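The sequence and the predicted model are shown below.

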Amino acid sequence: MTLNVSELESHGTDDLVEVEGLEQSSVAGRSPMQLAVARFRKDRLSMVSLFFSIIIVLCAIAAPILVAAGVLHPNAVHQELLGNDGVTPKGGWSGVSGSHWLGVEPGLGRDLGARLMLALTYSLAIALTATALTVFIGTVLGIVAGFSRGIVDGVVGRFIDLTLSFPQTMMLLALSSPAVLFLRTTMADVPGFGVLEDRDRATGLYVIIILAAFGWPPVARVVRGQVLSLREREYIDAARLLGASRFRLYFKEVLPNVWAPVLVYVTLLVPAYISAEAAFAYLGVAIKPPTPTLGNILADSVNYTSADPWFFFVPGIVLALTVVVFNLVGDGARDALDPKTDR
Amino acid sequence: MTTEPVDELKPHPETSSLTGTPILEVEDLKMYFPVKSSGFLRRTIGHVQAVDGVSFQVRSGSSLGLVGESGCGKSTTGRLITRLYEPTAGRIEFDGRDIANLSERELHPLRRDIQMIFQDPYTSLNPRHTVGAIVGAPLAIHKVVPKDKILARVQELLEIVGLNPEHYNRYPHEFSGGQRQRIGIARALTLQPKLLVADEPVSALDVSIQAQVVNLLQDLQREFNIAFLFVAHDLAIVRHFCPEIAVMYLGKIVEIGDRETLYARPNHPYTQALLSAVPDVKQAKVGGRRERIRLEGDLPSPINPPSGCRFRTRCPIAQDICARVEPPLLQVGPTHKVACHFPGEVGKHPEKPITPRLLGVDDSGMPDLAAGPATDLPTGPGYSDTWFDLEHNTMGRA
Ligand SMILES: Nc1ncnc2c1ncn2[C@@H]1O[C@H](COP(=O)(O)OP(=O)(O)OP(=O)(O)O)[C@@H](O)[C@H]1O
Ligand code: SF4
Ligand SMILES: [Mg+2]
């Protein structure tokens, strides 16, 4: 097939562009998002943190696969590696060796590296699910509150204040047994929710619900604040004028304009929830071993401060690194999306 | 405002025939915004009388210009017509149907026929949507075109408004102000409206490209037979675009008429002051120059407008009657109405008010039994074929 050159030339020329003197080529095809990505990539610290957080996420994804493939053995007991007291591993350093890179647990001699890797899977799954739920509730309530003046806005506002002033930890502890019991019995009877009979699953869900139930207000506040200014923009009037539905106004016109600050919140919520899971575990509300989470390993490790310092430090360091790395990515995202803020 | 764009504007047919069927008829339209007290209870402590009883017609395929100072209620009027606001009172008859109090659901099908071009091309386009999504949104919302045909229609529209149809997947920030305004125009055209409210469509643009956009609007008007309500404070552009012009002051129309009469023989002191501030191209060419009339003082608050004639606090020829009685919008020519007790050309205002006999008051505005009862003056939109003859001071016809 031959192309007609004259046709090609007439096609796509725009003399008005010249008349109005606009430099098009330099920014052609770049959305605000693409510009933010470019800024993010220029920041070395953000890129390094992103690299490490990707490795952490890959570990979390790989762990259950490796367990299934028989490569990792997080639950294999190694009594033979423990010393004469039957608790602390032989030979100091928690029994670090070629086959157990991070040593073994005191007491049962399970491989610490394998347990931590699988713990990342559970902890990240809890943190990410809770974040998704938090952002969903916060964004929807924030948009609805911001858009509807008057009563609805007031109700959501009071609701936010109430939630923020609630003693979250007390609630968490007080409700933990009855709530988990409820999930394992009543909820598990609902068709489709049978999986909740498992205690770990029910506890995991309870932790997720508590995190989201107390985590959404700041998201709703940020979103509401954004929407308050966005709803006065003329493009919202333009959409109204076209007869756009409420749904369209909220989620097609406004949502794409609020998700930048929400995204920043997401990247900061994930590490916050990872540490929250650990804190809950310390208070006794957590998935219980043998299923590993960063929280329950850490809660166990504090019993060995002097008897097995290596075992005390390693889980703490893994948790700290994970949280810091995710936080740095969040900071980088915030700076990239809003170049005006200073660090 | 410079006069440059005027020179570049395409010539317009110098006809002033205000015939043609009205597609929009507005009568006694009012919009009062409540003013709330601060604090917990937020009681309503007053009202901004943004629009207070305006009446006019827009004829099919024609355009009415709405001019006046900032804050006089032009945008509010436009937003009432498009029903972004629900009026406090009044009638908005579009295509034979009163739409003033229709619900959003009842309005939905009518939304296709009345569209709006916004003033600020930087906030009127959603920064997160591509041009294709923006221009195609009306089609998606009203489901007039099957999904796979939307792109073709969008490209067609982009071409019509003079943009490169291949740019449909770009974002608004990649375009200049003038191009963005063209995108807004394309969006307004998408549903083939019968009436376009253009709220200062070029005043945010660079002077050098204003004329291009005005010419585009004019071409579109001719091609698609669209009626315009053209809001502007640039009198030169309104004069160019609109065969009929209404001058607003503090929520009311003070003078309305065909372009030629209004520019050549304005009768209201406010119109005269407005026009004297504009360099007149034609007179400049002849070498003459209008005497500039200065407006004293600030615009009064629309929460608490002056009694009687709202312009009296700044009017150079105000007298006692002006504070006591509100002047009716009186027809003084075949297509000319003015709301003043002393209407007349510059320097030829009558010494005595012309309105007392019609209103049943004496020359200082006090109720006067001897003057007889007030005459029933026509107050509706449009023009009648009888009017008040200023030379003979009687109702009559030419
Ligand atoms: N939503 C609103 N709530 C309260 N007051 C309003 C509202 N919109 C407009 N007003 C007031 O109504 C009056 C008329 O405003 P409007 O925007 O119609 O003026 P305008 O003639 O378009 O002025 P401009 O040339 O500045 O655009 C102003 O005093 C304004 O403060
Ligand atoms: S009515 Fe009186 S105050 Fe109003 S414009 Fe006429 S002369 Fe001036
Ligand atoms: Mg305005």
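## Helix α2 of chain B

In this predicted model, α2(B) is followed by Arg83(B), a residue with a positive phi near 60 degrees. The helix spans residues 74-81 and is mostly covered, with 7 of its 8 residues buried. Those buried residues are Lys74(B), Thr76(B), Thr77(B), Gly78(B), Arg79(B), Leu80(B) and Ile81(B).

## Surroundings of ligand 1

Ligand 1 is surrounded by 14 residues, of which Ser70(B), Gly71(B), Lys74(B), Ser75(B) and Thr76(B) are the closest. By class, this shell comprises 6 nonpolar, 5 polar and 3 charged residues.

Oxygen atoms of ligand 1 take part in several polar contacts. A polar backbone atom of Gly71(B) lies 2.7 Å from an oxygen atom of the ligand, and for a polar backbone atom of Gly73(B) the distance to a ligand oxygen is 3.0 Å. Thr76(B) places a polar side-chain atom 2.5 Å from an oxygen atom of ligand 1. The protein buries 65% of the 630 Å² that ligand 1 exposes when taken alone.

Ligand 2 sits in the second largest cavity. There are 13 residues around this ligand, and those that come nearest are Cys309(B), Cys315(B), Cys322(B), Cys340(B) and His341(B). The shell around ligand 2 divides into 10 nonpolar, 2 polar and 1 charged residue.

Conventions: Residues numbered from 1 in each chain as written. Chains lettered and ligands numbered in written order. Predicted model: local features only at pLDDT ≥ 70, side-chain atom pairs only at ≥ 80, totals over all residues. Heavy atoms only, no water. Buried < 20%, exposed > 50% of the residue type's maximum accessible area, 1.4 Å probe, protein only. Helix = DSSP H or I, 4+ residues; strand = E, 2+ residues; numbered from the N terminus. Near = heavy atom within 4 Å. 1 Å grid on protein atoms, 1.4 Å probe; cavity = no way out; pocket = protein on both sides within 12 Å on 5 of 7 lines; lining within 4 Å. Sits in = over half its atoms within 2 Å of the grid points. Nonpolar A, V, L, I, M, F, W, Y, C, P; charged D, E, K, R; others polar. Polar contact = N/O pair within 3.5 Å; in protein donor to acceptor, adjacent residues only side chain to side chain. Areas by Shrake-Rupley, 256 points an atom, 1.4 Å probe, with all protein chains shown as cover.
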